[in-house]
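Colleague: I would like to go through this model with you. Tell me what each label rests on.

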Amino acid sequence: MSLLITHIGELVTNDPREVDDDLLGVRTDAAVVVDDGTIAWVGEAAAAPAADERFDAEGRAVIPGFVDSHSHLVFAGDRSLEFQARMAGEPYAAGGIRTTVAATRAATDDELRATVARHVAEMRRQGTTTVEIKSGYGLTVDDEARSLRIARELTDETTFLGAHVVPAEYADDPAGYVDLVTGPMLDAAAPYARWIDVFCERGAFDADQARTILRAGMAQGLRGRLHANQLGEGPGAQLAAELGLAAVDHCTYLTDHDVHALRDAGTVATLLPGVEFSTKQPYPSGRRLVDAGVTVALASDCNPGSSFTSSLPFCIAVAVREMGMTPAEALWAATAGGARALGRTDIGVLVPGARADLVVLDAPTHVHLAYRPGVPLVSRAWYS
Ligand SMILES: [Zn+2]
């Protein structure tokens, strides 16, 4: 069954070959033909071929579906009181993760499954068509494996994050916990994971521990990514570059040396402005990274502790208002940038052969995503 989407006022293709020097490869008065979940044709509306069905976009903008390359949806419990305290001046610390670990361990499979499904549906309503989901609130062999098994029911982009924090029962034996993560826990998690991730930060794991854990996962065929440089400058960005990781996420505190290392390694810097919003930390400068030639992604980091938003339009609005990015750069980062962070070339772009993951905005241009913050602009989405 083929579908013609026509009368698109502004089509964001993310294909810079379409229009010289235009990051988003914008076409006006455009049409797209979708066939069997794949983009079959892109061009001028007046030249569009016939299709089995027809959707009239009535002059609105069409963009690639958002690619949310960083989320933690397998959890239980509520941390709204912690958020309330932070807004009243309490600092954020990585240790709050343990609150969610206790609740997650106590939850049934069906409770976790319902929570993941509810939040994925919430993301879909806001235009996200690909989501990465991490484990990391189980921190036992069985709870990490079941977290990934449940996440895998909703997405192929699953990430083993047994090294989120050292759980309370290993507080006196962090080396023993690293042995567990790189041994039996990795063996149990790897069949359900595409990625391995470590929280490399003061209060979580240091660079040597992170390197050991990432190498163990990579030896089992997982690809590496990292949480780092969130709470202060640290070794994570350099480690990500050293290991050639696809992405390093947070990047709130980077030295110039870190920025150059990421650029030279081709490692994506994934910015997570929901975290700075929800922890009252300063926002990272997207401008600095883009100007330095680093590939930038924007993601939600949706989790109950430090960033309980599932909205990439919100992240785009903050990136434009607070992080020096243009609306085009922010949209690119939330679509093509997220795809790069996941090592994917079939999503985040609207070109023939790509997956037919498209969103119709209730707006004439993509600029409205930042211009109209908090307004639900997704009027229709297709995803395969
Ligand atoms: Zn995270």
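Colleague: Why is K280 called exposed?

Modeller: K280 has 12 C-beta neighbours inside 10 Å. Helices here are DSSP runs of H or I with at least four residues, strands are runs of E with at least two, and both are numbered from the N terminus.

Colleague: What kind of model is this, and how are residues numbered?

Modeller: The model is predicted: local features need pLDDT of at least 70, side-chain atom pairs count only at pLDDT 80 or more, and totals for chains, interfaces and linings use all residues. Residues are numbered from 1 along each chain as its sequence is written.

Colleague: What makes the phi of K280 worth a note?

Modeller: Phi of K280 is near 60 degrees, a positive value in a residue other than glycine. Most residues other than glycine have a negative phi. N229 also has a positive phi, near 55 degrees, and is not a glycine.

Colleague: Is N229 buried or exposed?

Modeller: N229 is buried, with 26 other C-beta atoms within 10 Å. This residue lies in the loop between β11 (223–228) and α7 (236–243).

Colleague: What does R105 touch beyond its neighbours in sequence?

Modeller: Leaving aside neighbours within four places in sequence, R105 is in contact with G138 and D143. Contact means that two C-beta atoms, placed from the backbone, lie within 7 Å. R105 and D143 are 38 residues apart in sequence, and their C-alpha atoms are 6.6 Å apart.

Colleague: How do you know that the buried residues of α2 share a side?

Modeller: The buried ones are I97, T100, V101 and T104. They cover an arc of only 110 degrees around the axis, which puts them on the same side of α2. The arc is that of the directions from the helix axis to the C-beta atoms. An α-helix has 3.6 residues a turn, so residues three or four places apart point the same way. What covers the buried residues of α2 includes α4 (141–152).

Colleague: Which label does T108 get, and where does T108 lie?

Modeller: T108 counts as exposed, with 9 C-beta neighbours inside 10 Å. T108 lies in the loop between α2 and α3 (109–125).

Colleague: What makes you say that buried residues line one face of α8?

Modeller: In helix α8 (residues 256–265), D258, V259, A261 and L262 are buried. Seen down the axis, they fall within an arc of 165 degrees, so they line one face of the helix. They pack against α7, β12 (247–250), β13 (268–271) and α10. On the other side of α8, D256, H257 and D264 are exposed. G266 follows α8, and its phi is positive, near 70 degrees.

Colleague: Why is α12 called mostly covered?

Modeller: Six of the eight residues of helix α12 (residues 327–334) are buried. They are E329, A330, L331, W332, A333 and A334.

Colleague: Why are α5 and α6 called roughly parallel?

Modeller: The axes of α5 (residues 174–189) and α6 (residues 207–219) cross at roughly 10 degrees and come within 9 Å. Axes are lines fitted to C-alpha atoms, for helices over the stretch in contact, and angles run from 0 to 180 degrees between N-to-C directions. Angles under 35 degrees count as roughly parallel, over 145 as roughly antiparallel, 65 to 115 as roughly perpendicular and the rest as oblique. Therefore α5 and α6 are roughly parallel to each other.

Colleague: Which residues meet there?

Modeller: V178, V181, T182 and L186 in α5 meet Q209, T212, I213, A216 and G217 in α6.

Colleague: How many helices and strands does the chain have?

Modeller: The chain has 14 helices and 16 strands. Buried residues make up 55% of its 384 residues.

How values were computed. A residue is buried if 20 or more other C-beta atoms lie within 10 Å of its own, exposed if 12 or fewer, and partly exposed in between; C-beta atoms are placed from the backbone.
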